[in-house]
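Me: Hi! Could you walk me through this model? I have a few quick questions.

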Amino acid sequence: MKQLRGLYAITDEKLIAENIFTSTVEQALLGGARIIQYRDKSTNVKKRLSQASALKTICDQHNAILIINDDIELALEVDADGVHIGINDTALADARTKIGEKKIIGVSCYNKFELAEQAVAEGANYIAFGSFFSSQIKPNAAQATPDLLMKAKHQFDIPICAIGGITSENANVLIESGADMLAIISDIYASDNVLAASQRIKQLFED
């Protein structure tokens, strides 16, 4: 299994124009993104399949991980590396049965340590906490603290992802507190220079 560490760039259909979707995500990969999550809440099945397939191709070219948000069937269809599920999505046990033992399953735990305990016990490959900072994508998200990352890092031996309003300016405290991955949307894809924005986050993991 590829290493779950570094910049985890999550796509957003409102921030990435459809006609430059693949090239924009490739800029994030060129800048150092190690994991791409395809997150598209539309019901356009044809577009979703086309975009996910394109992401699979470029992720393979850059030796990066492709995760599909809450769509196991799509993940299987494009042979993605795994799926990410939340509290209202497919149960982890059901997701594992459908997607198989070799694929990655990530689980959103928000600001709830007990959800992380449950996810780890049920065989999640990574857990995600957040939101750590105010986020335009999810302005009403539950707020998590760096202490939660430290507690999780001490107790669990699977990778931990931090999400929510993260930028190159506020990210260091999360890495220092135990985040193995930083899941970022706006600071990457709302930037005028996606490659440079990605490089700034990548550098934090190398300092």
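Predicted model: local features only at pLDDT ≥ 70, side-chain atom pairs only at ≥ 80, totals over all residues.

Me: Is Arg96 buried or exposed, and which side chain of opposite charge is nearest?

Reply: Residues are numbered from 1 along each chain as its sequence is written, and side-chain values use heavy atoms, leaving out hydrogens and water. Arg96 is buried (under 20% relative accessible area, 1.4 Å probe, protein chains only). The nearest side chain of opposite charge is Glu101, 4.2 Å away, and Arg96 has no salt bridge (a side-chain nitrogen of Lys or Arg within 4 Å of a carboxyl oxygen of Asp or Glu).

Me: OK, which backbone oxygen does the Arg96 side chain reach?

Reply: That of Lys103, at 2.7 Å.

Me: New topic: which residues of helix H5 are buried?

Reply: In H5, residues 113-121, they are Phe113, Leu115, Ala116 and Ala119. Seen down the axis of H5, these fall within an arc of 155° (taken from the directions from the helix axis to the C-beta atoms), so they line one face of the helix. Helices here are DSSP runs of H or I with at least four residues, and strands are E runs of at least two.

Me: And what follows H5?

Reply: Gly123, with a positive phi near 100°.

Me: Last one: which residues cover the two faces of strand E2?

Reply: Ile35 and Gln37 are on one side, with Ile36 and Tyr38 on the other, and all are buried.

Conventions: Buried < 20%, exposed > 50% of the residue type's maximum accessible area, 1.4 Å probe, protein only. Lys, Arg positive; Asp, Glu negative; His and termini not counted. Polar contact = N/O pair within 3.5 Å; in protein donor to acceptor, adjacent residues only side chain to side chain.
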